[in-house]
Each structure stands twice: as structure tokens, then as C-alpha cells.
Amino acid sequence: MSSTTVITNIASLVTNDPSQGDGSALGLIQDAAVVIDGDRVVWTGESSKAPATDNRFDAAGRALIPGFVDSHSHLVFAGDRTQEFNARMSGRAYSAGGIRTTVAATRAATDEELEQNLTRYLHEALRQGTTTMETKSGYGLTVSDEARALRIAAAHTDEVTYLGAHIVPPDHADDPAAYVALVTGEMLDACAPYARWVDVFCEKGAFDGDQARAILTAGRDRGLHPRVHANQLTYGPGVQLAVELDAASADHCTHLTDEDVDALASGNTVATLLPGAEFSTRAEWPDARRLIDAGVTVALSTDCNPGSSFTSSVPFCVALAVRDMGMTPDEAVWSATAGGARALRRDDVGRLTPGAYADLTLLDAPSHVHLAYRPGVPLASGVWRRGVREV
């Protein structure tokens, strides 16, 4: 039998339910309490009205928010790209080709080494308040290496994405069509049992619109739902393709036309912004303000990967979004929680309302605004995942 626990004396509770508290998108409740039964939230409200429970935890006047939902990462890899980063910070521009360095190291790694890396970064993210994390393949680019990456990932997270179409590997450089055939055929057959999603890097230097369409359509036919790396480095067809195919998210969205923004606003595809990539490549920031003002649903994620965004810190990305992308602190926190859940088409995470998983992050601060107000400070003082305190 499960036991009930009340977390009380919460200075400010982010529920992401506009029917609660102050009626904002965050559904803020002051002097609040949350009741957990097993792995679910069963009650939220003012502390003075909390029902009796088996256990009690005193938040001591700190803020409580939903666990972060990081809907875009690349954690199954080996090797290190410190030299590339150092060179780039000295003036060399980022391009998609750097991925090949990680591909070589990942192919050479053992299963145990890949799993150790994956769990290291998952735990690192958890300590900072991330309770749901999507991760992708994409650094093997052979049938066996992509399948093992997804098998390893699926043992540790429910949100697994097949990204055989990350780049065309060197061994297929002279025949990209043959590689697309592999990605949509034998590789897909081997990978589909382990994945929920199919993704493609639709970008100059990676896959063009026609290739991306073929890959996403093949994955969809096998029961995988599309997501798209879209419009990161240049203007291109990625966003429009994502909306057309009802992709759950178009990720990066740095270079957008008015037509791209209109398409996102009129469809169900979430624009997932990844400011760690712009920070680490000194690239142009995505214009979150433009998207939000147009009515686009925006998510914030880390894009944690060894080449272009080697951070697992959602709070860091929240601070960047507020400082450099035109988001308010409220918008950034919503996008890093409820927005990430929307990008994964889930309603059981990213919010603290009855029926949702009890995924909670207690901040060593009186308000969620401190995530942007105190950048770089480790504010997560307690993290519960599915009702169990893990930090």
C-alpha cells in the first residue's frame, strides 16, 4: 500500500494549471502545499487547507516547481571534443561536420562505456531538477551501433528517439541515397523496437527536405512519431516539413521566415529552443519573443551533446532564454516544464496537478524567478521523481 505525503510551507508553488492560484499560465499558489500518494500528485492548494497525510515534509518557505522536462538531448556517445570547442572559441565557425568525431569514438566504445556515460549525464541532470529526459541515437550511424544506442537508452528513459539521420557518415559520403535507404530500411527495422520517436537533422550539410521527408515518413509508417532538427544553421524546409507531418516538435528554430512562424502558430508542432547551442557556438539567438507573440508553443531544452551544447543544465538554459531570447522568467520556466511536456506530447509530467506524476523540484529560493535571477547557482535542493525523493 502506498503512503501519502504532504509537502507544506511552500512559499510559491508552480502548478502550470491556470485554474489554480493567481490564474496565470504558471498557476502560482502562495503559501502552498502538495499531497503525494504513491507516484502521483493527488492535491494542491493553500497550506492551511491541506488534508491529513501519513507523512509531512516542511519546504521551509522555499519554492516548488514541476521537475524540468528536457525534450532534446544526445547522451549516448563516447569521446571528447574539447579541442573543437577551444578552436571554435578562438574563431572557427561551427558546422555539422564535427559530429563525425563523436561517431568514430562512439563506434569504438563498449556498451558498458556508453551506458556509464549515459547514466552519468542523466544523474547530473537529475541533480539540477530534470525528472524527464528525452535522448537520441545518432552517433553510431551503422545498423548495429544505432540499435545498441537505442537499446541502452531505452533501459534508462521512456523518451527515446531514433536519429540515424544525424549526418551522412564518411563511409557513405559518395552515395547519400544509399545511406537514406539504409536509414529507412534495415536500420529502421533494427531500431524501431527501442524508440518512440524518429528525428532527422534537416540542414545544409546533413539532409535536405526530400531526404528528411522520406526518413520521417518511413519512421511514421513503423509507428514512430516525427521530430525534426529544423532551421538551426540556415533558413530551410525543416519547420514547414515538421508542421506538415504533425511532428511533435521542430527543434532549434533559429532562422525562421514569417511563413515558418505562421505555420508553427497554426499547427500542433512545438518550437523547441536550445540556447545552449547558441551559447556554445556563438551563433544568433532564437527569437522566442517573436514566436510567443505569434501564439507558438515554445519549449526550452538543453540539447546536451558533446559538440555544440555540452550542458545538462536546464536552469542555465532558462537564464539564457530570459537574458538573450526575450522571454520573461515565467515564460522560460513554463517552457522548461510544461513546454517540454508538450514537445513530448505528454500531460502526466511538467505540471503539478492531481493525476500528474509526482515529479517535483524544490528550489533553495522563495520564487522560481531565481532560476534566471541567480544564474549559475545550484538551486535544486530537493528532487522527487514519481514520488520518491532522489536528491
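Start by selecting helix 3 (residues 111-127) and helix 4 (residues 143-154): they pack at about 45°, with axes 10 Å apart. Helices here are DSSP runs of H or I, at least four residues long, numbered from the N terminus, and axes are lines fitted to C-alpha atoms over the stretch in contact, with angles from 0 to 180 degrees between N-to-C directions.

Before moving on, note that this is a predicted model, where local features need pLDDT of at least 70 and side-chain atom pairs pLDDT 80 or more, while totals for chains, interfaces and linings use all residues. Residues count from 1 along each chain, and side-chain values use heavy atoms, without hydrogens and water.

Now show Asp111, Leu114, Glu115 and Leu118 in helix 3, which meet Arg148, Arg151, Ile152 and Ala153 in helix 4; contact means heavy atoms within 4.5 Å.

Next, pick helix 12 (residues 314-324) and helix 13 (residues 329-343), whose axes come within 9 Å and cross at roughly 140°. Val314, Val318, Ala321 and Val322 of helix 12 touch Pro329, Ala332, Val333 and Ala336 of helix 13.

Last stop: the largest nonpolar core, with 87 residues. Such a core joins buried (under 20% relative accessible area, 1.4 Å probe, protein chains only) Ala, Val, Leu, Ile, Met, Phe, Trp, Tyr and Cys through side-chain atoms within 4.5 Å. Select Leu291, one of the members touching the most others; among its contacts are Leu256, Val261 and Leu264.

How values were computed: Buried < 20%, exposed > 50% of the residue type's maximum accessible area, 1.4 Å probe, protein only. Helix = DSSP H or I, 4+ residues; strand = E, 2+ residues; numbered from the N terminus. Lists of a residue's contacts leave out its neighbours within four places in sequence.
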